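Opening the notebook on a new chain. I'll start with the overall layout and then go through the charged pairs.

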Amino acid sequence: QVQLVESGGGLVQPGGSLTLSCAASVSFFNFYAMGWYRQVPGKPRELVASITTAGRPNAGRPNYADSVKGRFTMARDNAKNTVYLQMNSLKPEDTAVYFCNVKVGLVDYWGQGTQVTVSS
């Protein structure tokens with residue numbers, strides 16, 4: 001059974017920072033690409049950042065949505081089965097529920113999400 005648990009969301013002022021964590025209970029965690037997505041009501045879930053695994057092109061080098069490039073940093077700690085999303089210079093438009101994702105075989109797994117609100 002694959003489980004993903006996000007944490008670290010909250011209320012922050014514009015320009016502030018937050019770090020999200022996603023702890024994964026999945027065997028061979030280091031074999032899987034991981035992603036961070038976000039969603040606001042009435043809009044589809046969008047990919048924020050993703051990171052591949054060793055042996056793949058651009059191994060360990062995250063990819064980012066244009067809207068967060070230069071502000072967000074994704075990292076993975078294979079020893080802890082955890083991925084992180086460091087979010088700096090937050091803007092009100094970053095307000096969303098943030099989800100962690102892993103695809104195992106043909107199945108997408110999601111965490112419960114963590115709310116990030118950027119407001120003064």
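**Layout.** I counted 0 helices and 11 strands in the chain. My strands and helices are DSSP runs numbered from the N terminus: E for at least two residues, H or I for at least four. The sequence order therefore reads β-β-β-β-β-β-β-β-β-β-β.

**Ground rules.** This is a predicted model, and I number residues from 1 along each chain as its sequence is written. Local features need pLDDT of at least 70 and side-chain atom pairs pLDDT 80 or more, while totals for chains, interfaces and linings use all residues; side-chain values use heavy atoms, with hydrogens and water left out.

**Overall form.** I looked up the radius of gyration, taken over C-alpha atoms, and got 14 Å, which agrees with the value near 14 Å for a compact globule of 120 residues. The globule rule is 2.2 Å times the number of residues to the power 0.38. Along the principal axes, the C-alpha atoms fill a box of roughly 40 × 25 × 25 Å. Buried residues (under 20% relative accessible area; exposed is over 50%, partly exposed in between; 1.4 Å probe, protein chains only) make up 37% of the 120. I also checked contacts (heavy atoms within 4.5 Å): of those between residues at least 6 apart in sequence, 54% join residues at least 24 apart.

**A loop residue.** Phenylalanine 31 sits in the loop between strand 3 (18–25) and strand 4 (34–39). I have phenylalanine 31 down as exposed because its relative accessibility is 53%. Its C-alpha is 31 Å from that of lysine 43, 12 residues apart along the chain.

**Salt bridges.** Side chains of opposite charge can pair when their charged atoms come close. I found 4 salt bridges (a side-chain nitrogen of Lys or Arg within 4 Å of a carboxyl oxygen of Asp or Glu).

Arginine 38 pairs with aspartate 94, closest N and O atoms 2.9 Å apart. That pair links distant parts of the chain, strand 4 and the loop between strand 8 (82–87) and strand 9 (96–104), 56 residues apart. Arginine 38 is buried at 7% relative accessible area, and aspartate 94 is buried at 1%.

Lysine 69 pairs with aspartate 66 at 3.2 Å between the closest N and O atoms. Lysine 69 is partly exposed at 48%, whereas aspartate 66 counts as exposed at 66%.

Which residue does arginine 71 form a salt bridge with? Aspartate 94, with the closest N and O atoms 2.7 Å apart. Arginine 71 is buried at 10%. Shared partners join Arg38, Glu46, Arg71 and Asp94 into one network of salt bridges.
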